[in-house]
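Reader: I'm new to this one. Could you walk me through how to read it?

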Protein chains: 2
Amino acid sequence: MIARRPVGVIGAGSFGSAIANLLAENQDVLLYERNKDAADLIRIHRKIRNFELHERVSVADSLEHIASECYLLFPVVPSAFFKHMIIDFSPYLRPDHIMIHATKGLHCEFDIDQADAKNIRLKEIKTMSELILQETGIVRVGCLAGPNLALEIMEKQPAATVIASRFDEVIAEGMAALRSDRFQVYGNKDILGIELSGVLKNYVAIASGALNGLGYGENARALLITRGMAEMIYIGKALGADKKAFLGIAGIGDLIATCTSPKSRNYTVGYRIAKGEKLDDVLRDLGEVAEGVRTLKIGKLIVDHLGASAPLLQTISKVLFEDWPIDRAIKLLMRYPVSADAEYLDI
Amino acid sequence: MIARRPVGVIGAGSFGSAIANLLAENQDVLLYERNKDAADLIRIHRKIRNFELHERVSVADSLEHIASECYLLFPVVPSAFFKHMIIDFSPYLRPDHIMIHATKGLHCEFDIDQADAKNIRLKEIKTMSELILQETGIVRVGCLAGPNLALEIMEKQPAATVIASRFDEVIAEGMAALRSDRFQVYGNKDILGIELSGVLKNYVAIASGALNGLGYGENARALLITRGMAEMIYIGKALGADKKAFLGIAGIGDLIATCTSPKSRNYTVGYRIAKGEKLDDVLRDLGEVAEGVRTLKIGKLIVDHLGASAPLLQTISKVLFEDWPIDRAIKLLMRYPVSADAEYLDI
């Protein structure tokens, strides 16, 4: 077997570390931690949040070093910091680099809290792959998404993910680097669809947490997930994505995992709102904005701008931002006149 | 509002009673209990398994009476007793009756434990709607399926179901009878697809219970459900159903509810097998055959007869009937060479 070049992972959070450990089963990995003291601590303890790093993972604190050592790069950085990171990284990136990001969020060029839906320009809302193309000389871009709770990956449970890219080569390189007996990798050519799947599922997860907070069970949740998927497809389609992405591992698969895992931040937001807490109090408590609340704001701007129909998104917005009582929201949704099953397949 | 004719429900089990209560919000209901003593007890206590019957539900112990009073009929009888019931009912049924069954199982004309896959005739495996058409003079047949745990319906939680029929009229009549502010009804023209969705999901639920029994979490379960759905579509397609049914409320919706509800018998079978118990012991304990074990046997005969590929079904069969260790089964499945995401949409 030919020795493989080391692979770079940018971002030593829990998901970044989980990806690093998976990659380390097939080759050496350089894991980027920006803060030099934090990097030293990881080097000494070989642990991130109680989980042991694979022996083939080395911690790096220089983006220049990673760019020169690796040609396959996995940035795993929250969407709010992504642009900053990619601008710092850009001087060292070459057209022969392959970059597969794993960030489930959107970037907005404008202030989402001040924006007026009528006057926004959709081009100023960008996926992470669009940001990479805009800010670097890299051409071969991909994204990684799927039902991949970091904790379970660290525990070596079996799982699967999707790598999406317009380039077969990116999918093939990502698969070769990541695939193992406990981690399946599927390929999808519709990168926009896969990115939007990962983003849009967040507001459905808020709704799922809310249903649970109300004491509702499997029937209501299964209905929410099924119709939530349909709505994600409508919004995705309006933005140019194909429905297929939403019906695979990173679409319905990730949606199921997120909507049934009480561990997720988005689920927690919905749950506590349903229990009568105020959004501001919940967010203050959680310490950082749940990605779903941001998604919901951006999604509402998009849907209103397009004049599209997205009853679930619009109703959850009313609950979170306009203090609608949840039972009123559910009554409205239950009366919504849809009657053809799986009609979203026809679009 | 014109007074509606009473609707008949055949079978006073927990799901039959839940359907009766839903129907009673829109019209009078006759609920059939075959055993006269049991019928009298329900008449006195107005309860079935601790749940109160709606005041508009009357208990009937004569099929002839129900057939003469109602023109819309909902049989909700386990698949093993369905043929017996429909033969008893048949003399009283007229071509103007509409029958919408809610039984998630298959009927076999041969002994499934003795059958040889090569020599079976697929025509001798029948869905409940095929049995109704074969044994009665009824033409307008439909089926009802969806994520509809009886307990949650009895608790008046919001939910949705699908009515499938080749006849728009059957869907419209079923909707008018069932729909309410807490119960949505979707329509689907592919009755075979909807029946098979309800049947095939059972073996995926066994697998889901097994994953949980092994201590695995959301990632593995989401992968199972997504790939299980794909496999159900392949099998359904081979039997003449359309993929669309599997992607709606009664398909993926019901699959999600069944695979995430530890209350289901099928889930319990998988869970206990994973904990090291023998199938025979588990089934003896449960007191009646879990529908999924029967489905798995019939499904394996179908798949082997067609020479089709259904790795999940075949692997679970090996665990349940050939004592394969589960970790061997999971290793095999994780190595199964599928790499295109949502590829099942292309068939």
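Author: We'll go from confidence to strands, a helix, domains and the chain contact.

Reader: Okay, what scores does the predictor give the complex?

Author: Keep in mind that this is a predicted model. The complex gets an ipTM of 0.94 and a pTM of 0.94. In chain A, the average pLDDT is 93, and 98% of the residues score at least 70.

Reader: Now a strand. Which residues of strand 1 of chain B lie on one side, and which on the other?

Author: Here's the general idea: in a regular strand, side chains alternate between the two faces of the sheet. Strand 1 of chain B covers residues 7–10, with V7(B) and V9(B) on one side and G8(B) and I10(B) on the other. Those four residues are all buried, and both faces of the strand are covered.

Reader: What does strand 1 of chain B pair with, and in which sense, parallel or antiparallel?

Author: There are two partners to look at. With strand 2 of chain B (residues 29–32), the pairing is parallel, over four bridges, and G8(B) sits opposite L30(B) there. To get from strand 1 to strand 2 of chain B, the chain passes through helix 1 of chain B (residues 14–23), and that β-α-β crossover is right-handed. With strand 6 of chain B (residues 72–75), the pairing is also parallel, over three bridges. On that strand, the residue opposite G8(B) is L73(B).

Reader: Why is helix 11 of chain B largely enclosed by the rest of the structure?

Author: Count its buried residues, meaning those under 20% relative accessible area. In helix 11 of chain B (residues 249–260), 12 of the 12 residues are buried, so the rest of the structure largely encloses it. Among them are I249(B), D254(B) and T260(B).

Reader: How about chain A: what domains does the assignment give?

Author: Domain 1 of chain A runs 2–189 and domain 2 runs 193–346. Their C-alpha centres lie 26 Å apart. The contact involves 32 residues from domain 1 of chain A and 25 residues from domain 2 of chain A.

Reader: And how do I read the size of an interface?

Author: It's often given as the accessible area lost when the parts come together. Between the two domains of chain A, about 2300 Å² is buried, with carbon and sulfur atoms giving 71%. K104(A), L106(A) and I112(A) supply 25% of what domain 1 buries against domain 2, more than any other three residues.

Reader: What area do chain B and chain A bury between them?

Author: About 4800 Å², 56% of it on carbon and sulfur atoms. The contact takes 61 residues from each of chain B and chain A. On the chain B side, N219(B), M334(B) and D341(B) supply 16% of the area buried against chain A, more than any other three residues.

Methods
Residues numbered from 1 in each chain as written. Chains lettered and ligands numbered in written order. Predicted model: local features only at pLDDT ≥ 70, side-chain atom pairs only at ≥ 80, totals over all residues. Heavy atoms only, no water. pLDDT = per-residue confidence, 0-100. Buried < 20%, exposed > 50% of the residue type's maximum accessible area, 1.4 Å probe, protein only. Helix = DSSP H or I, 4+ residues; strand = E, 2+ residues; numbered from the N terminus. Pairing = 2+ DSSP bridges. Right-handed = clockwise from strand over helix to strand, strands pointing away. Domains from an automatic or database assignment. Contact = heavy atoms within 4.5 Å. Buried area = accessible area lost by both parts, 1.4 Å probe.
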